[in-house]
Amino acid sequence: LDFSLTSERRLGTRVVAGGDRLGNVTEAAQAGWEGLRKIRAEKGAAPYDQVVKGAQFILDTEKSYSSEWISNKGDYYFYDGVASKVYPVNPKHTGFRAMLGSRYGAFHTEPFTRHIVALLESYASCNATPRQIRRFSYFHQNVLYINGYDGTCWRLNGPSVTQVPNGQGALFLEEGGEACPSIVVGNHGLLFKTLADDLQWARETDSGMGPEIQRAAFMAWVFAVGFHDRLPSKPILLVEGVERSGKSFSIKRVQHVLIGRRRSMSIGENGQRDFPISLLHASPIALLDNQDTPIPWLKDEIATYTTEGGWPKRKLYTTSEEEYILPEAFLAVSSRDPKTFRRPHIAERCILVRLEQRPKTSAEYMMWILLDENRGKLLGEWLWYCNRIVKLLQEPLPQDFGYRLADMAQFIFAAMRSFLPQEEADKMTRAVLLAAQRERDALVSEEEPLVDVFKGWVTEGNLSRRVSMTELWQEL
């Protein structure tokens, strides 16, 4: 068996060949195997004493590696100082089990290991240090950290973008994404061209939101995905369009660039209980795909979440203990007829863009292959723009707005200035904010019979005509 750790190779430890069940392990891990095996081989020692000694040996060894036991929102985690990774302290978690097996030869199928893990859980519950643990991004003191999903993270402070070990400034779980091995940070001129320029934006919407404004609003949302902490009230991206307009593809393509995976959430009338958990694991983008059929409970759940809400849940196997589920994902919705989102207090939190049917379709498989080939440059360019935004967020920005989602409005000013000259960027931002508000108003009134009748009456030569309420009612 090969239990060698790639992160230990990266740190420069030499791989050696062991004997007697050790297989090929690193020198760092071999000491753990030998130490725990000696404890288990002690003659005449009581099984309980062996378990206690084994747990203490692991604690002492990990302390020498600068590993940590961490608490976060009532749960306990282990930060591996060798691999720079974070694992839940849970005997069923694959990463935690693999660490114990590869480093100490303690396999979860053995009663000895299960007793040791129970002692480690007890130790963590009494001695863990409270720290923030994130899935994709962490923005703190004007520094943005992005998960690299390989034991590293990207640190963006405005002047520079650097790759640092996971745990240095921010702690990330490695679940939910795929590492990109060849990220090239810089402006390659590919990001806008790949994610937005080839979409068939509606030429003109009822509110006058043309292709350029829709493109700018869409890309502002793409950058906002990295600033979860900066945007407590998260805007919903609502992509509306007919069949073959690329609604789902436009969002999945962003997912693929940022985390190397494409996935959508499947929810139905009975999915209310699992909705918070699904959101939690969907970070950074939770895609509700083809959301056309109204679901009664979904309106309230989305309204709660978009206003920095969460869900209190009872902990399993407890009577009175609660845990608070507060996901980090940004919601994106693709729909032909978004009935669920026409409620005013939901529509007010949407960035609505509309797509038309594409004149011709392309082979999706080859498009994903091409996206994979360029992911290093695309993700590197996204990091480059986010770094510019970090710097711009430290400069004076407009404060007061006549719209909902004021945090997002301020963020759009910074996002636009990251790729346009300031005067042009501010002009575009105001156009986006005004058109987006008109589009939200139009969304609320869509399929409202009275609005349609009134529009027809206005076009019959009644614009600017003074009428009484009684006359208007009779003519309508």
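A search of the whole structure finds 19 aromatic pairs. Rings of Phe, Tyr and Trp (its six-membered ring) pair if their centres lie within 6.5 Å; planes under 30 degrees apart count as stacked, over 60 as edge-to-face and the rest as tilted. The model is a predicted one, in which local features need pLDDT of at least 70 and side-chain atom pairs count only at pLDDT 80 or more, while totals for chains, interfaces and linings use all residues. Residues are numbered from 1 along each chain as its sequence is written, and side-chain values use heavy atoms, with hydrogens and water left out.

**Aromatic pairs**

F57 and Y104 form an edge-to-face pair, with 6.1 Å from centre to centre and 85 degrees between the planes. F57 lies in helix α3 (residues 47–64) and Y104 in helix α4 (residues 94–104), so the pair ties together parts that are 47 residues apart in sequence. Helices here are DSSP runs (H or I, at least four residues), as are strands (E, at least two), numbered from the N terminus. F57 is partly exposed, with a relative accessible area of 22%, whereas Y104 is buried at 2%. Buried means under 20% relative accessible area, exposed over 50%, and partly exposed in between (1.4 Å probe, protein chains only).

The rings of W69 and Y123 have their centres 6.1 Å apart and their planes at 75 degrees, so this pair is edge-to-face. It links distant parts of the chain, with W69 in strand β3 (residues 68–72) and Y123 in helix α5 (residues 111–127), 54 residues apart. W69 is buried, with a relative accessible area of 9%; Y123 is partly exposed at 33%.

Elsewhere, F192, F223, W384, Y385 and F419 form one aromatic cluster.

**Charges over rings**

A charge sits over a ring if NZ of Lys or CZ of Arg is within 6 Å of the ring centre and within 35 degrees of the ring normal. The charged end of R262 sits over the ring of W368, 3.9 Å from its centre. K234 lies over the face of F330, at 5.8 Å from the ring centre.

**Salt bridges**

Side chains of opposite charge can pair when their charged atoms come close. A salt bridge is a side-chain nitrogen of Lys or Arg within 4 Å of a carboxyl oxygen of Asp or Glu. By this rule the count comes to 20 salt bridges. The table gives some of them.

| Salt bridge | N to O distance |
|---|---|
| R134 and D229 | 2.5 Å |
| K252 and D289 | 3.9 Å |
| R417 and D426 | 2.9 Å |

R134 forms a salt bridge with D229. The pair links distant parts of the chain: R134 is in the loop between β6 (129–130) and β7 (137–140), and D229 is in the loop between α7 (211–224) and β11 (236–241), 95 residues apart. R134 counts as buried at 7% relative accessibility, while D229 is partly exposed at 27%.

The side chains of K252 and D289 also meet in a salt bridge. This pair links distant parts of the chain too, with K252 in helix α8 (residues 247–259) and D289 in the loop between β12 (285–288) and α10 (298–306), 37 residues apart. K252 is partly exposed at 22% relative accessibility, and D289 is buried at 18%.

In the bridge between R417 and D426, R417 is buried with a relative accessible area of 10%, and D426 is buried at 11%. Salt bridges that share partners join E62, D80 and R103 into one network.

**Positive phi angles**

Most residues other than glycine have a negative phi, and most peptide bonds are trans. Phi of Y149 is near 60 degrees, a positive value in a residue other than glycine. Y149 is placed in the loop between β8 (143–147) and β9 (152–156) and is buried, with a relative accessible area of 6%.

S464 has a positive phi of about 70 degrees, although it is not a glycine. S464 is found in the loop between α15 (449–462) and α16 and counts as exposed, at 74% relative accessibility.

**A nonpolar patch**

L450, V453, F454 and L476 make a nonpolar surface patch of about 320 Å². Patches are made of residues with over 30% relative accessible area and no salt bridge; like charges are joined within 9 Å, nonpolar side chains (Val, Leu, Ile, Met, Phe, Trp, Tyr) within 5 Å. Accessible areas come from the Shrake-Rupley method with a 1.4 Å probe, and for residues only the protein chains shown count as cover. L476 lies in the segment after α16 (469–475) and is partly exposed, with a relative accessible area of 32%.
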